[in-house]
Amino acid sequence: MAALALLVLLTVPLSADPPAILVSRQLAARARLAVGDVVTLAVDAGGTRGRQFRITGIYEPTPDPMRFTADRLEARLHLPDVLDLTADPADPASREAVSAINLELAGGAKPNLFASDLMAQAPGIVVRPTARSATDDPFVVLDRFHVAISVVTMVAGTAFLLALMVIRAEERRETVGILRLVGISRRTLLASVAIEGLVVAAIGAAFGILLAYVSEGLVNRVFQARYDTALVFVRVTPSIALRAIVVAAPLGILAGIGASWTLLRREVLTIFHR
Amino acid sequence: MPLVEARDVSRVFPMPAGPVVALRNVSLAVDAGEYVAITGPSGCGKSTLLHLIGCVDTPSSGSLLFERRDTSQLSEAERGRLRLTRIGFVFQRFFLLPMLSAAENVELPQAEAGATASERRARTRELLDYVGLADRADHLPSQLSGGEMQRVAIARALANRPALLVADEPTGELDDETGEHVAALFDRVNAGGTAVLVVTHNPALAARASRRLAMKSGRLVE
Amino acid sequence: MTSFALAWRTAKRYRARTLLAIAGVAVIGALLFDMLLLSRGLLLSFADLLDSSGFDIRVVSGEGLAARLPIADSARLADDIRRLPDVEHVLMIRIEPATVLATGKPPRGISLIGSSDAEQSWRIVKGSSLGSPAAAAEACPVLVTRPLAAALGLTPGDSVSINVRPPGVASALPAVACRIFGIADFAFATNDELTAVTTMEAFRQAMGGGQPDADLVLVSSKPGAPPGRALRAIAGLRTSLRAYSNEDVVAQFNRNGFAYFRQISLVLSSLTMVFAFLLVATLLTVSINQRLGEIAALRALGIGRPRIASMLLWESALLVGGGGLLALPLGQLLALVLDRILRQMPGIPERMHFFVFEPRALAIHLVLLMFTAAAAAVYPVWLTARLPIADTLRREVLG
């Protein structure tokens, strides 16, 4: 289907049985259109060579994250209708021209190889695989950006957790001293603080995941309403949840051990000396 | 006219398992310059009575007059002012601020009462000398023994020249010998004209008081 | 002993937790600072880039900046604009997609720029400009961007063949033989941009003859000319045109192209503030709970609630203030890293930056941290204000 440069929408009385078109939900809402309405489309504001079409359906445009701020005021026509509308009467070849051809390759064909072959055989055309490579996909970059942000947040969270575990260790100085006096080994105590750190981190991670699931719906609703799109902005997947726990758990263990290390290394009697 | 007078005071603590009556209709008067000791088994309500008299707590019923003012009619800020300027408190666990030196702990209530820096320094020197710790002024609590910490706590309690010194088990965490030194200090404080009210398990400390009272099950007994 | 001094001593006594808390606040504060830089960074950078080009007015056809359709009779328009009293310089530009063929290499899609001024200040990295005598004698002299030169292994002196492929033109245009005269950096080029620039005359040939209309006319006002006067005069020349000042262009970019970064900046700024608040509030609360006996004793001694509240506020301020100060250099460092990541995004001019320092961001950062410090102290202060003195003393003894 040819890309449409500019169309002007006019609603006029019916004259004949017009061809069918689909309009986007956003266009239907903006122009107050309904299924069954007959509209005139033209490529200029003056309505030159305008043609009438009947709206037979309203569709939700495929959300495009690259264009989520754009107003999706679109209409879909059959290709011959588009060509009739947009072709230059002075250029006989214009009815033979389209701006892009989409291909679906047979199973197993490699898009990059196909593209190179076709460009070699037909100089002057540009053939590009639809799927972006890592070097030209903005979302790969955004993913890296988000990972960097999350690393920074984890560092801050680790400092926070360490501070809390240090306080806990100080609170239990006497208890630790008494346990060491009665013969509980350092190893046992180290294991207990490690487990405590792990539990704190795991519960924190679980709470965070729960919070993420709950806020996921809210965030999506807010932004979908804001930009009038069906795009999903946030999705918490099991893989992400697992990653959160896998990262949090060792940090919690390390925080617990790190905070208690000095205390546990000391000789028993020095623990009681303030 | 008594310095402080408890008239038929009771104190009830609401608990999940049911209210606990810690004090039942207790009446007590302490005159200016008097030395009173209250003894009794654990849980008999003596600390509760001390807290009421020290204006740290308010009675559930009855009235408590300090220098003829009904403390239950006072705001928390006014009671705080009373505690700062007219009552000195000594605790069983000392409760010195660990990050301040002995001198700074003694200066703290004076600063709150509005004393100037020079006034505070002079008074602090005087008090630390009084309790025999002039050479430990710059030491942190962690560098003092239990007895020394309690002496600093007494100096702190006397910082604003209170009319009444209340002490809750002041020798509870000390050995006998150290406790004896602290008890002697209370004698000196009382001899200087400050009323002293002590709650204690220690019979030797109680024996130094001019009046000894016993408590049992929330009541004063003869 | 002032409340600040008490707070300072407390921080010194509990050194480990203080340093960790400051470290945590510093890291999260750095992120907050960066999000504030990001909130307007791209806009500021874009505005700076526009201003650095030397032109302050952009004229396009009535369909607007995004459409970039040819301006009818643009040569006459350029002459009319040149005659305006406030106008210093006029440059006509036409950009069309094209295909370039180099010997032994597959064809590459590029953007071909036709420029009416051969001396336009593309920054020549290698070779010579289009205004050089040798280039003037050439039918189709071309400058290429570094990525294009690297992709096709081009150096000054090489020959290529260029086919213009304007959209909407069905007939095949003849290929034009061109010679590479230089490799240049273009102000708005992305780091992977395949672009070539040639003279308007050569562009005319590539378009099959005829006078190619410009789709963009750049205008620079005379220094000292009242702002907006040249713009209004140009807009008055033809009603079918649209004239934009640099500020207008930036405003449009802000509305359309910048939405994601504004949103992520807002979301992350809010989250970092909440995080810092939680961090400090939790630490203070846990710290208070550890010192309840001390605080009850102070209250019993007559130390008032205001002093204790003031001490806690200072404790919070020390943690947040200390962390906030460290956050600034840390934030600058982090901004370099994040900027480098984001600039890998396709379609971003190489000279644009996402994180641009402005004093406004620093002021907002300071205010937000102050608010966070105050808010974080609210609950601990409330706890100490409500503390039952007698009950706490009793529990401390029993405990």
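Two residues are in contact if their C-beta atoms, placed from the backbone, lie within 7 Å. By that rule, 26 residues of chain B are in contact with 20 residues of chain C.

This is a predicted model: local features need pLDDT of at least 70, side-chain atom pairs count only at pLDDT 80 or more, and totals for chains, interfaces and linings use all residues. Residues are numbered from 1 along each chain as its sequence is written, while chains are lettered from A and ligands numbered from 1 in the order in which they are written.

**Where B touches C**

Which elements of chain B give two or more residues to the side that touches chain C? They are α1, α2 (76-85) and α3 (102-113) of chain B. Helices (H or I, at least four residues) and strands (E, at least two) are DSSP runs, numbered from the N terminus. The table sorts this side of chain B by class.

| Class | Members of the class | Residues on the side of chain B that touches chain C |
|---|---|---|
| Nonpolar | Ala, Val, Leu, Ile, Met, Phe, Trp, Tyr, Cys and Pro | 13 residues |
| Polar | the others, Gly among them | six residues |

Chain B has an open sheet of six strands, in the order β6-β7-β8-β3-β9-β10, with mixed pairing. Two strands pair if DSSP finds at least two bridges between them. The edge strands of chain B, β6 (87-90) and β10 (219-221), each pair on one side only. On average, neighbouring strands of this sheet are turned by 25° against each other, direction ignored.

Strand β9 (residues 211-216) of chain B runs antiparallel to β10(B), and three bridges join them. One partner pair is Met215(B) with Leu220(B) in β10(B).

Helix α1 (residues 46-53) of chain B lies across β3 (35-39), β7 (164-168), β8 (195-199) and β9 of chain B. Helix α1 runs at about 150° to β8(B). Axes are lines fitted to C-alpha atoms, for helices over the stretch in contact, and angles run from 0 to 180 degrees between N-to-C directions.

**Chain A**

Chain A has eight helices and five strands. Along the sequence, the pattern is β-β-α-β-β-β-α-α-α-α-α-α-α.

pLDDT is the predictor's confidence in each residue, from 0 to 100. For chain A the mean is 82, and 89% of its residues reach 70 or more. Among the elements of chain A, strand β1 (residues 8-11) has the lowest mean pLDDT (54) and strand β2 (residues 20-24) the highest (95). Over residues 1-6 of chain A the pLDDT is below 50. Where pLDDT is low, the predicted coordinates should not be read in detail.
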